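Visitor: I would like a close look at a single part of this model, the surroundings of the ligand. Please take me through what is there.

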Amino acid sequence: MIIGIVCYPTFGGSGVVATELGMALAKRGHEIHFITYHQPVRLALLSGNIHFHEVNVPEYPLFHYQPYELALSSKLVNMVKQYNIELLHVHYAIPHAYAGYMAKKMLEAEGIHLPMVTTLHGTDITLVGNHPFYKPAVTFSINQSDEVTSVSESLKEDTYRHFDIDKEIHVIPNFIDISKYKKDFTDCQREMMADRGERIITHISNFRKVKRIPDVIRTFYSIQKEVPSKLIMVGEGPEKERAEELSDALGIGRKVIFLGNSTEIDKILSFSDLFLLPSETESFGLAALEAMANGVPVISSNAGGIPEVNVHGFSGFLSDVGNCQEMAENAISILKDGKTLQLFKKQAFEQAKKFDINEIVPMYEEIYQKTFSIL
Ligand code: GMT
């Protein structure tokens with residue numbers, strides 16, 4: 001199949017999933033065209049089946065807001081015609097499903113049929129898309145998609161609850177390539193981050209409010225009182241400065257390492273002992289799955305789709321949002337002795353295996369086929 005993929009090219013989960021999916025589909029023989037405003041951060045262009053087309057938005061002083069949707073839908077039309085793209089898969093409803101629908105209609109006027117699959121990722125439904133300024137457009141473009149998928153049951157339910165949707169939503173969970181996860185780190189990499197005898201606790205996110213970054217710091221504050229440890233904070237975002245201030249105020253500034261955005265997530269996770277994800281809402285929690293695939297148990301909130309990924313008492317523990325005390329107690333119960341930690345590491349990896357790419361990618365292929373069969 002010749003497939004156009006539209007996504008955010010950033011470090012965010014939806015862009016990561018779209019990129020990994022595109023690369024996996026290319027390996028399975030499909031021709032993939034990424035159409036977005038930058039080359040996606042995880043994209044390896046070392047395959048003949050992968051193409052990248054940049055969307056440029058010319059600046060014009062009359063425009064207070066530059067019209068990205070317009071540029072994207074025009075680019076989609078041009079790329080579909082130039083490369084005979086047979087299907088469009090858009091990740092994140094805003095504005096991708098809307099721009100995709102416009103492209104579809106423009107092509108229809110020229111006698112070209114372009115099926116469109118929309119994948120909902122979370123904040124496009126639970127936070128941003130819900131805003132009255134966006135809601136009618138989001139509802140319309142979901143309903144006009146040929147097929148709709150969501151990354152968890154929880155997100156599917158949220159979508160039906162918040163929007164007037166008359167389409168079936170198929171749940172296709174996020175995935176990892178389990179064959180990539182081998183413990184090949186050396187002690188020297190670990191020792192750059194922590195002293196011998198210290199546990200390494202990690203958090204990775206976009207540092208938005210929804211991630212409850214102060215809860216990460218507070219939970220770690222209680223953990224390090226009982227278990228010698230370091231906290232590695234990976235990512236950039238609006239809450240980062242506040243987190244640095246809070247660490248200093250609690251007197252643990254030297255134990256909290258802020259690394260910024262990283263393209264070496266797996267390396268960092270491979271020498272981590274525990275992952276913290278206390279989010280307010282989370283449709284799936286891809287970062288938690290990536291941690292588990294690296295054999296890292298997860299201490300998380302029980303919000304949204306996280307319980308579909310992290311199993312309480314097996315791959316880690318879940319608590320109510322904001323219950324930092326319980327999160328810290330659960331973390332200490334895993335970290336306090338080597339035997340328990342090894343058991344949870346093994347179990348985290350076992351749980352991650354259920355989300356192997358080989359199980360999940362065929363589900364998308366099936367959805368793609370469905371869009372052709374209803375022609
Ligand atoms: O909030 C983020 O982490 C970024 C956001 C995105 O759209 O890139 O992530 C959402 O999609 C991810 C991939 O499907 C999910 O794993 C995240 O849970 C989801 N974030 C939220 O629901 C807050």
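Guide: Both domains take part: domain 1 (2-175 + 356-374) and domain 2 (178-353) each supply at least three residues to the shell around the ligand. Keep in mind that this is a predicted model. The shell holds 18 residues, and those that come nearest to the ligand are Ser14, His121, Asn174, Glu282 and Ser283. By residue class, five members of the shell are nonpolar, 11 are polar and two are charged. Among the contributing elements, helix H1 (residues 13-27) gives the most, with three residues.

A polar backbone atom of serine 283 is 2.8 Å from a ligand oxygen atom. For phenylalanine 284, a backbone N or O atom lies 3.1 Å from an oxygen atom of the ligand. Glycine 285 has a polar backbone atom 3.0 Å from a ligand oxygen atom. As for cover, the ligand taken alone exposes 480 Å², of which the protein buries 92%.

Beyond the shell, there is a sheet to describe. Seven strands form an open sheet in the order S3-S2-S1-S4-S5-S6-S7, and their pairing is parallel. Strand S3 (50-54) and strand S7 (169-171) are the edge strands, each pairing on one side only. From one strand to the next, the twist averages 25 degrees. Within this sheet, strand S4 (residues 87-91) and strand S5 (residues 116-120) run parallel and are joined by four bridges. Valine 90 stands opposite threonine 118 in S5.

Methods: Residues numbered from 1 in each chain as written. Predicted model: local features only at pLDDT ≥ 70, side-chain atom pairs only at ≥ 80, totals over all residues. Heavy atoms only, no water. Near = heavy atom within 4 Å. Polar contact = N/O pair within 3.5 Å; in protein donor to acceptor, adjacent residues only side chain to side chain. Areas by Shrake-Rupley, 256 points an atom, 1.4 Å probe, with all protein chains shown as cover. Helix = DSSP H or I, 4+ residues; strand = E, 2+ residues; numbered from the N terminus. Nonpolar A, V, L, I, M, F, W, Y, C, P; charged D, E, K, R; others polar. Domains from an automatic or database assignment. Pairing = 2+ DSSP bridges. Axes fitted to C-alpha atoms, helices over the stretch in contact; angles between N-to-C directions.
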